[in-house]
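Subject: Model for you to look over

Hello,

Here is the model we talked about. Please open it next to this message and follow along.

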Amino acid sequence: MPQWIALGFLVLLVVAAVVPWLLAPGDPLAIAPAEAFRPPGWGHPFGTDESGRDIYTRVVHGTGASLVIGVAATAIGVALALVLGVAAALGGRVVDFGVSRFLEVLFAFPGLLLALLVITVYGPGIVTSTIAVGLATAPGYARIIRAQTRSVASSAYVEAAVVLGRSRGRILGRHILPNAIAPVFVLVTLGVGQAIVWAAALSYLGLGAEPPAAEWGAMLFAGKNYVATAWWMTFFPGLAIVLSAAAATVLGRALQRRGPR
Amino acid sequence: AGPAATTATPASGGTLTYATGFGEPTCLDPHVGGNMPQALVGTNFVESLFSQDADGTIVPWLATSGTPSADGLSWDIALRDDVTFTDGTPFDAAAVKANVEHMQDPATASSTAILALGKVTEVQVVDPTTARFVLSEPDSALLESLAQTWLAMESPTALQRTQEENCESPVGTGPFVVSSWTKQDNITLVRNDDYNSPPAGSAHEGPAYLDEIVWRFIPDSATRFAALQSGQVDVIDEMQPDNVVAAESSDQLDVLTGALPGASIRLELNAGYAPFDDEKVRKAFIASADVNPGIESLFFGTVDRSYSVLSSGTPFGASYPDDFAIDPDRANQLLDEAGWTGRDADGYRTKDGQRLTVDFPISTNQSIPAEQSLFEQIQATTKEVGFDVELHPLDLSSWYAALGAWDFGVTSAIYTKNSPDVLRILYHSSNIIPAPSGYHPNNAHVSIPELDADLTEAGQTTDADQREALYADAQKILSDGAYVLPLYDHLQKIGYGPRVQGLSLLPTLQIPTFYDAWVQQ
Amino acid sequence: MRFWPVVRGVLVRLVGAVFVLWAAATLTFFGLRLIPGDPAQAILGGPGSQASAEALAQVRAEYGLDQPIGVQYVAQLGRLATGDLGTSYSLKSPVADIIGSQIGGTLLLAALALLVAWVIALGLAVWSTRGGRVAAAVGSTLEIVAAAVPHFWLATVLVLIFSTALRWFPAVSTAGPEGLVLPVLTLALPLAGFLGQVMRESVLNALEAPFTLSARARGESETGVRWRHVLRHGALPGVALSGWAFGWLISGAVVVETVFARPGLGRTLLNAVQLRDVPLVVGVVLVVALGYVLMTLATDAATRLVDPRARFS
Amino acid sequence: MLRVEDLRVGFGRIGAAPVVDGVSFELTAGRAIAIVGESGSGKSVTARSLVGLAGAGSWQTATALEVLGESLLEEQPARARAGAAGGGPGRADAASGDLRLGAGDSGTGAQRLAGRGLGLSARAWQRVRGRRIGLVVQDALVSLDPLRPIGREIGDALRLHTRLGVGERHARVLELLEAVGMPEPEVRVRQRSGELSGGLRQRALIASALAADPAVLIADEPTTALDSTVQAQILDLFDTIKARGTSLLFISHDLAVVSRIADEVLVMRGGRVVESGPIDQVLGSPRHDYTRALLRAVPTGVPRGLRLAAPPAGAVTAMPVTTAEPPTTTPVTSLPTTTAVGGPSAPVLEVRGVTKTFPVRGGPRGGIRSAVDDVTLTLERGATLGIVGESGSGKTTLARIVLGLTEPDSGSVSLLGEPWVPGAEKLRRPRRRLVGAVYQDALSSFDPRLTVGQILADALGATDLDGASSSAHPSAERVAALLADVALDPALARVRPLQLSGGQRQRVSIARALAPQPDILVCDEPVSALDVSVQAQILDLLDELQQRRDLSYLFISHDLGVIGHMSDRVAVMKNGRVLEQGATADVFADPHHDYTRALLAAAPRLPARG
Ligand SMILES: Nc1ncnc2c1ncn2[C@@H]1O[C@H](COP(=O)(O)OP(=O)(O)OP(=O)(O)O)[C@@H](O)[C@H]1O
Ligand SMILES: Nc1ncnc2c1ncn2[C@@H]1O[C@H](COP(=O)(O)OP(=O)(O)OP(=O)(O)O)[C@@H](O)[C@H]1O
Ligand SMILES: [Mg+2]
Ligand SMILES: [Mg+2]
């Protein structure tokens, strides 16, 4: 049941990301200083921000950016992790040692600093924070993929394939990779939520999306200055972040339970 | 706002907690580098030769008078003879000489001295109570410069120590002494019991009332205000506009404000490079950047719109509101004339396929959130006529790097100086050439010979009327050329809680002074 | 025969740890030199300082910043190898001293947050697997939401509620323990969400495991089953995750220390990066990496101690 | 001691589809009742119900349930009780004389507790468990908390049911360990179950069930996971317990074991008791077909070539998808032993002086362990070479070497006279199709993503490698043919192995091994995970295939009965060495080695067939 609610919510998010004007026809960037700091009410269901922009419109239009950051960052992290993890698992002892050390370095390196460095080198923005979050989350995925690939590679059914005389390449393509990657899809679902939160944290440090983009983290950052007087400025973007991260987690967990064995 | 002014007599003793949002100094000696955090805390333990009153008039402090020679090439500064530094070293002309040498020493890297004392070639010890400043050319702003905390007097004995030591515990003549500095947490200042040199206008004599000041660093403005509200700290600075309003309407809290001297908060258009090398484009920008509604809503009436490059706390400021009238039609017309006739799919103007893009690096350390929101609104209103203003929030180092490389179309920089001479620093063509560090104060890339002449002359004459005329002319030139869009005064906003009494701002730099302050036990 | 494998194991770990430290230092060194901003300015009073040409030249020569970057790198490594972390560009005091004065607060914060997260997670996992469907739903919802809450947001909300409105706890750090409550909660709640999800899984597994059936068949009460058996199994993945959690907490400390105005390594790091204070950043990174390495070793050892199964894998 | 009358237990809706359906028996002091039956017949559920731990979502009813004369049924009127339990449907009718034991915790999904019997209060049940009735649960290997020393686990029962102090408890734990035959009890008390072998774990578990000196001990499959020598020791232990006056309810699927220990036996099938009575009577002259089938299926002492499985009398196992089990192999009842024992034939596989050592990591001593030590064996065409030995004796390692999966340290294996191992995998690959493998855990040898059809098609594809395959056949047909070969419904091709019963999985595994038309099958414990009756079917299938295809088997098992039934020649392994090998009949009749003799002596046997 919860996973269906979660799925429904995610579908809504995707709709908001692809065709935001369906849900919120207004302009997310249209300022109206005279309308600033309106609490939620008729006309402005989520209230307005310091420049009189409609927060509901901005939350809806910000979905795309946040979702793209979440998905793309996770994709970058997982792609990198796949290369590293599979290489470590199958590449022999030297490669494994090298990659494992490298992962350990990434783990030991404060994730935020890594992101900070990437962002200061390439300048803040959605693309950079996506890359930064992707990089920072890669070692976690890589470790899981490595373990998974190893256990698949030493599994009885891979041995059975060897006994049947299949070539290394075929075993890799037909048995090891598909089985090693399958659980990663679940991880991705779980990871997207976390990536959104991460990206929001970067925005919070003023390192995320550039103004006036209606990205949730950036909205939160802008709103926290007025948290004592205009709670709705942080509440609704914060709610959007928490709900999407939670929905992704719920769905990921449900997928995990359904997975083979 | 606060409780009705109590008639209770000041009581000695107690600890006051101050929370600053300006950041933690990296060195407590205000000679080294020289920024607002240093001035704020430094005012408690070092004192200057001169001070200013509310009108900006120079008044004596550690010095008793300053007299220029007829040619203006030397100043004789008479000193008090009864002051000692808190390490026991007497304050005298030799100390003044040692201080100026310390400020001018490249190793000290005083960013204030390089401009403010640029004309001082040496200090001669005429007698123990007379120091003679020898200048390379006349400097009408010398005494104003000397009134700044960054050029305050420190014990020459203490200055002999290594810079590290001096940074940890500088020694001055002030009402308080640095007792300890726990990095990233607090500086503890204790009362100087032998204090005898309060500035003019003080409410009492002798040592300060407070036993101790705990000087804390709370970078987050919401937390800072929360700490004030909960009584955890007594005084905070860098208040956000909405907090100012909240404090003023609370019966517990009170607010002290004062316009910081120097330049107003303003946008500087980079006239050295495209697209703002074209005066028409600059004028179009200014005619389309509608800031008044934003200033009203974002600042809740705590600031007034400024039409002057100089802040209202600086003498000789001149306003030309008409030059900043909003007129989108005119802006469109100007842009058409300037050749930006095309429009791209997003509605931005183009010329030869190039978009009318204006890069706007924002220092997240210097621009407060309300200000950044105001920039977003400028972005939105200038978009109407086709400007693509791109806001880039940057950390301080990156921001300076972008400015140093002239990699911006418009920016906002703060410059605090207690003299209209700030105009020379900001708009004299010589200050386009960057300092070796890459820093150039003339961000607008203004290079106009008449303006240079006005500013040089104004900096040399001591005749007030002549200065006023010259500065007015200079400001008119700037205004006509549309190099600057003034926004509002840079305000010092100090909030304080119910325990605090007798708090005031020193007019020189609008820095709070705790000499007369006391806390209700 | 018995001696060498142990020594070998220790050596491999030691070499691994040194490699990690070296790589972290190298990454930081070059990373910081890539980004805009001049270290010489950090030395001369920070960005925007109007240091004279002589001063800059003097400082560059003094700090070897006029050398090719490779030479600087080797020199820095040489110093690090002898245990000399150098002098902070911006604060002008030895990096070791600065870190020494800052590390206590961060470690205390991280340790308390870890502990509190642990207690909350374990308590929630054990409680919510006991109290029926509603409790289970409430428990897992709390965990998922907690893990999804950005901690910077949480910090502001906690201050608003517990400091401004209720006045229970101070908004900024104090010398006493009450100032730690909100920062620790801010860090601990999201972490508890994560740990709770993992712990709930293993609590459920333990509750279904044959050994709990065996314990019940022995006459153990439900409370006894949880207290004597399930709790440890629930805690186990928490121990294993503590190394990871440490890194997470340090990243979180940057935000929490800023919001709650606490001295500490996180804030030091943020300031040092912004000032391009290379020795200080490298120093902090090394300490954090060392902390991570030690934490991993400790959790490995702890896991082996608690769980003999780990020794055979 | 223990009286059970008309016990019914089920899961889900109360009264519907009971998995234990009307079990009654009476156990008196010092006697042992055994429950036998195939997997899923309800043995464990019966046992657990007696201590109110049938499981989450369970319900139980009985007309009587007494321990030491005290009823374990609820005392209150059924009506009130049912109300308290939520008044679920199917509440037992008081007039019929049934008494509800009550429903187990009706927690679903989220709350996966084992049920707390509600007939008595939770507190009352806690006093029964361990004190009146001790339960040794199934799965001894995982039934002790791996994180706690066994001394604590055993001591817990004392802590719960006695007033002994810490010191006294410790002393008593040592006594108990001594009593169950645990070597070095002082050392063992501090060890955790992960550090103990299976036999030692089983002893510790028994010790914990006996700690509070219960009147009745229920032991659920206490010897299933153990080597026969260890099993013999455990059975001796039960004899001692019984002799002390403790009543024993003994659960097993192994008739031979049961015959050794029990006074009476209950044969269960599908939740019902199909036959019961004194052991000699039931095993000696079984009245029920099912009992007879069970007895037939035991391979021990059955000569080669004789069928073990009964002719199909409907579904033999309880699994639902088994309707199509053995349609094609029905008519044969007895096969002539075509391959004469030791008959002259060309060797297909020769193992010469093979040795393999492993470094021992994490072990207390360090160093290396020889898994296989200078083993020399020969397998002839069409014959079966049986390898028997205890756990850890190196059987699997040997099989892996023969399969070319593990490189031996020294020695060699040749296949059809040509070198096979050692050598590069590349060189082996073209001849891989000659050797197939059947594993103990069939399920894990299947790629979880693939269906049965895909698995078999994959294996058929392997023959394409040397171009010799009949690629004219579309693969679907060839898959169907393969399934038919192992007597499976071709419709199963669309199913995933996870959905199959154990026997069906093993058939698929055999079909896969047969796909490339091998000469040799290496079978590593192919039937160890199966019930006797299913085991019988698989053994029959292997036998039949050998006849039809002239296959050679390297057949590994720890079960002397299975080995004796299947092999022409047998090799006995211990600690990596082959102690003795020869024609099966010779070795069994006249073992030369002490160890072989001990092994044979330890294997429980059924009384002579009636
Ligand atoms: N907790 C439970 N929930 C639902 N069904 C169960 C539960 N426990 C057992 N069953 C079902 O009850 C039936 C009897 O199971 P039981 O464990 O008693 O069999 P068994 O005779 O002990 O088999 P085995 O020899 O494999 O141990 C099976 O069909 C099983 O699926
Ligand atoms: N990969 C390996 N690494 C280390 N030791 C191993 C490995 N494989 C097997 N061994 C050891 O070699 C010995 C023989 O193991 P093997 O699996 O061949 O025994 P087995 O006779 O098949 O036992 P079982 O009946 O339990 O399957 C055991 O002591 C085992 O621990
Ligand atoms: Mg069972
Ligand atoms: Mg084996």
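A residue counts as buried when its relative accessible area is under 20%. By that cut-off, 59% of the 261 residues in chain A are buried. Please keep in mind that this is a predicted model.

Chain A

The secondary structure here is ten helices and zero strands. From the N terminus on, the order is α-α-α-α-α-α-α-α-α-α. The C-alpha trace of chain A spans about 75 × 40 × 25 Å along its principal axes. Among contacts in chain A with a separation of 6 or more, 68% join residues 24 or more positions apart.

The accessible surface of chain A is about 10000 Å². Carbon and sulfur atoms hold 72% of that surface. Chain A carries 17 positive and 10 negative charges.

Chain A against chain B

How much area do chain A and chain B bury between them? The figure is about 1800 Å², with 54% of it on carbon and sulfur atoms. On the chain A side, Pro33(A), Pro211(A) and Asn225(A) lose the most area to chain B. Together these residues make up 27% of what that side buries. The contact takes in 19 residues from chain A and 23 residues from chain B.

Chain D

Chain D has 610 residues, and 55% of them count as buried. Its secondary structure comes to 20 helices and 22 strands. For chain D, residues 24 or more positions apart supply 68% of the contacts with a separation of 6 or more. The chain exposes about 24000 Å², of which carbon and sulfur atoms supply 51%.

The magnesium site

Which protein donors does the magnesium ion (ligand 3) have? They are Ser44(D), through OG, and Gln138(D), through OE1. Both lie 1.9 to 2.2 Å from the ion. Ser44(D) sits in helix α1 (residues 43-49) of chain D, and Gln138(D) in the loop between β8 (133-136) and α4 (150-161), so the pair ties together parts that are 94 residues apart in sequence. Ser44(D) has a relative accessible area of 16%, so it is buried. Gln138(D) is partly exposed, at 30%.

Backbone points to check

Two cis peptide bonds are worth a look.

- In chain B, the bond from Ala274(B) to Pro275(B) is cis, with omega near 0 degrees. Pro275(B) lies in the loop between β13 (265-269) and α9 (279-288).
- In chain D, the bond from Val421(D) to Pro422(D) is cis, with omega near -5 degrees. Pro422(D) is in the loop between β17 (418-421) and α13 (425-428).

Next, positive phi in residues other than glycine.

- Glu238(B) has a phi of about 50 degrees. Its place is the loop between β11 (235-236) and α8 (241-249) of chain B. Glu238(B) is buried, with a relative accessible area of 17%.
- Glu221(D) has a phi near 45 degrees. This residue lies in the loop between β9 (216-220) and α8 (228-243) of chain D. Is Glu221(D) buried or exposed? At a relative accessible area of 10%, Glu221(D) is buried.

Best wishes

Definitions and conventions:
Residues are numbered from 1 along each chain as its sequence is written. Chains are lettered from A and ligands numbered from 1 in the order in which they are written. This is a predicted model: local features need pLDDT of at least 70, side-chain atom pairs count only at pLDDT 80 or more; totals for chains, interfaces and linings use all residues. Side-chain values use heavy atoms; hydrogens and water are left out. Helices (H or I, at least four residues) and strands (E, at least two) are DSSP runs, numbered from the N terminus. Buried means under 20% relative accessible area, exposed over 50%, partly exposed in between (1.4 Å probe, protein chains only). Contact means heavy atoms within 4.5 Å. Accessible areas come from the Shrake-Rupley method with a 1.4 Å probe; for residues, only the protein chains shown count as cover. Lys and Arg count as positive and Asp and Glu as negative; His and the chain ends are not counted. The place of a charge is taken as NZ of Lys, CZ of Arg, CG of Asp or CD of Glu. Donors are N, O and S atoms within 2.8 Å of the metal (3.2 Å for Na, K and Ca); water is not among the atoms, so sites may look incomplete. Buried area is the accessible area (1.4 Å probe) that two parts lose on being put together, summed over both.
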